[in-house]
Amino acid sequence: MQGRDNLLHRRRLEKVFVAVALVLIVSALLVLLSLTAEMFIDGLPRLNWKFFTSFPSRHASDAGLLSAWVGTVLVISLAAIFSIPLGIAAGVYLEEYGRDSWLAAIIEINVTNLAAVPPIIYGLVALGIFVQSWNLGETVLTGGLTIALLMLPTVVVVSREAIRAIPASLKEAAYAVGASKWQVIWDHVLPYSLGSILTGVIVAVSRAIGETAPLITVGALTYIAFLPESPFTSKFPYVSFAWLQAPFTVVPIQMFNWISRAGTDFQANAAAAGAVLVILTLLMNGVAIYLRYRLRKAVQW
Amino acid sequence: MVEQEQSQSMVSERPPVVAEVVDLNFFYGDFHALKNINFYIPANKVTALIGPSGCGKTTLLRCFNRMHDLYPGNRYEGGILVNGENIISPKVDPIEVRMRISMVFQKPNPFPKSIYENVAYGLRVRGIRDKSLIDQKVEEALRGAALWDEVKDRLHESAYALSGGQQQRLCIARAIVTDPDIVLFDEPTSALDPIATRSIEELMVSLKERVTIIIVTHSMQQAARFSDYTAFMYMGELIEFNDTKTVFNNASHPQTQEYISGKIG
Amino acid sequence: MTNWSIEELRENIKRRQIVSQIFAILGLLLIFFALFTLLALTVKMFIDGLPRLSWKFFFSFPSRKPEEAGIFAAWVGTAVVMMMTAVFAIPIGVASGIYLEEYGKKGWLAALIEVNISNLAGVPSIIYGLLALGLFVQDWNLGESILTAGLTLSLLILPVIVVATREAIRAIPNSLREAAYALGASKWQVIWDHLLPYSLGSILTGIIVALSRAIGETAPLITIGALTFIAFLPDPPFTSQFPYISFAWLKSPFTVMPIQMFNWVSRPQAAFQANAAAAGAVLVVMTLLMNGLAIYLRYRLRKGLKW
């Protein structure tokens, strides 16, 4: 019977842990959820068409997100264009070509360290290179490049992990019919890992959307009452890159600016901008989850 | 000592040969995995490599298509001569070797692509774009792998919809579509049920007319059932090589006898 | 086609090999270019900041005169806030990770929790600032204090720790769990005697990575009211009177390294830029040290445990 007492004691210990853990998790989540809900409720009255199509203003009720969301879209698109191809290429290179050499080890250590460096350092570094050395100014281009630098290590790391998850047997099968290394990469490694890579990239992008410190450091403005020039013109060659040279702001900076103002009206604006940011990141996360699900279903081993 | 015994146990009259293994040594880093292997692969026959776990039979098989080149720290010495050329020489591109000597693996490993694309891949890799030619070769290979009738109506479905035995036959089709000189089989039936095993074995016998087969097998019964020649390996050495009948009924080396009678292994 | 002559075969291979090699060279060049630029700039930051990196810099409060300004309040603030963050986030995060992985694996509750956590990990940090402002500062009246900052940052890194813990535990082979169960261990004993010790290395690594992310955060802390100019330290935790410890420091206003740096970057004088570079160098060294510790821990603890 002593055995049963002992067993009972052990079972009780376990139940305590389960109860405590569950209460902690659920209460933490509930607090966060209710706060998010509160933010949505605070911001809801401001979330209308006008909010998205107005420039910031000194009057809280007239102020809108137009220049901020356009700036976010431009900066993040540029960052994605620069960092995604480069990051995936670097990941493929490190995983498939540069394994087990001292060069790869150095690159690897640098990449993991860079992934941990605080964003504001990237801001300082970008200020030095893009603004001061390359004279790109405090522009959309500088913002995009800065965020691209910030995203790059993350994209490299997720690409490598995705590639490493592909079973060696599939690569061997391709080599065994006489494929070259590049053919193995292009025909097998990339298509099979694309789902996981995209998921990781989307997470990196959704983190980049929320960055403020490095962008303020390179000179993003908080009050912008105009849009960058249109990328399309009526004259030949019909595209213009003048928008790259435009000053910019982004949604979190705009939000930041509103939070720091006195008066509950601006707080409502901040809550509305926060709600927009949250919806944006939830949507991106949803896409990531969906992609992972879809592509994993097609590619199983 | 071993070499002497080995030469005694060689068959006296040689059949036509596609590959000759000469003083082959192989190292995983510092580990000496294959020691002075000498034998030959008779043309259009099934040669079985048998021996207990860890004897080096799979290592030897993977020398034939330079699979070891994929991982760092591996080193070959000696030679495997095909058409008078040493295919394990660093001067020979491993891709060239693999284009002429293909491989079927232990576990079925189709690509996560359609049935058709799995077979066609060996042709696409070579840059062949002619669709009618690919169609024709894919059909030929699937027929050769005794799979055509089962899949001809669903060539564009995922290969993962097939059963394990079908997947392995698909992998065989993938390996023969490019008309290789030699096909290597690494325990191709170890992950399959007895019925699927039977059909793969029958398939290998029928393939003999087209290609030379080297098979690693764990099962002595399998080697006895359908191979023409058998090489017995032990601790990285080739102990005995002869036609299968002689190896199983009249082995000249005591270790071979012990293994075949089940005393070691 | 497939019965090519040996010359045709080699020609075909050569064409394909060239593509492989082009990528190899291109890949290496790109990586080198990116790494070198970043390294060169980091070095430049160190060089810019070096003249300011003196004993005095670490033990002076900020000042209007750049040559007298230091990071005393900032690094003390960072250290204290990080400690608070760790105290809150680590036990809750690790416990949640274990619960989700070992107990709550199936069921709608677990699925709900899982979706929420992975979504939280992607929410921008400034949102956490806004939430914390509403909860800790306005509802709970904790003020713009070290306690609020620690709670805010622990909310921020909680999802990261949960995910790292889950992954670490998931990596333990089932055969080890079964071996322990087969000896009559309860679930809790399996967790305490096997899963936790075996996954400790990976969990610690994840925690350090999470903390090193928290160290660099500015936006949520500014949102909850971190100051940029602080010329005093929090109250000491020990007092001369009974009960000899005081928690008054929890209610102190604070600043942290990146905010201090931020403040200097935004000033026009070049001398303040040198201060910012120096603070940046300190911050980089701090994160690299933490990273180094993480790599070392992983290496040490992995060496002892292999499966």
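Biologist: What makes B:Arg62 and A:Glu172 a salt bridge?

Modeller: In this predicted model, which takes local features at pLDDT of at least 70, side-chain atom pairs at pLDDT 80 or more, and totals for chains, interfaces and linings from all residues, side-chain values use heavy atoms, with hydrogens and water left out. Residues are numbered from 1 along each chain as its sequence is written, with chains lettered from A and ligands numbered from 1 in the order in which they are written. The rule asks for a side-chain nitrogen of Lys or Arg within 4 Å of a carboxyl oxygen of Asp or Glu. The closest N and O atoms of B:Arg62 and A:Glu172 are 2.7 Å apart, so the pair qualifies.

Biologist: How many salt bridges does the rule find across the interface of chain A and chain B?

Modeller: One. There are also nine residue pairs in polar contact, both residues at pLDDT 80 or more; that term means a pair of N or O atoms within 3.5 Å, where within protein one must be able to donate a hydrogen and the other to accept it, and residues adjacent in sequence count only if both atoms are side-chain atoms. On the chain A side, H7 (168-176) and H8 (181-209) each supply at least two residues, and H7(A) gives the most, with eight. Helices are DSSP runs (H or I, at least four residues), numbered from the N terminus.

Biologist: How do you know which residues are in the contact between chain A and chain B?

Modeller: Contact means heavy atoms within 4.5 Å, and it takes 22 residues from chain A and 25 from chain B. The buried area is about 1800 Å², with carbon and sulfur atoms giving 62%; it is the accessible area (1.4 Å probe) that two parts lose on being put together, summed over both. A:Glu172, A:Ala176 and A:Val177 supply 33% of what chain A buries against chain B, more than any other three residues.

Biologist: What is the buried area between chain C and chain A?

Modeller: About 6300 Å², of which carbon and sulfur atoms give 79%. Here 69 residues of chain C touch 70 of chain A, with zero salt bridges and four residue pairs in polar contact (both at pLDDT 80 or more). H1(C) brings the largest share of the chain C side, 18 residues.

Biologist: Which classes make up that side of chain C?

Modeller: It has 45 nonpolar, 20 polar and four charged residues. Ala, Val, Leu, Ile, Met, Phe, Trp, Tyr, Cys and Pro count as nonpolar, Asp, Glu, Lys and Arg as charged, and the others, Gly among them, as polar.
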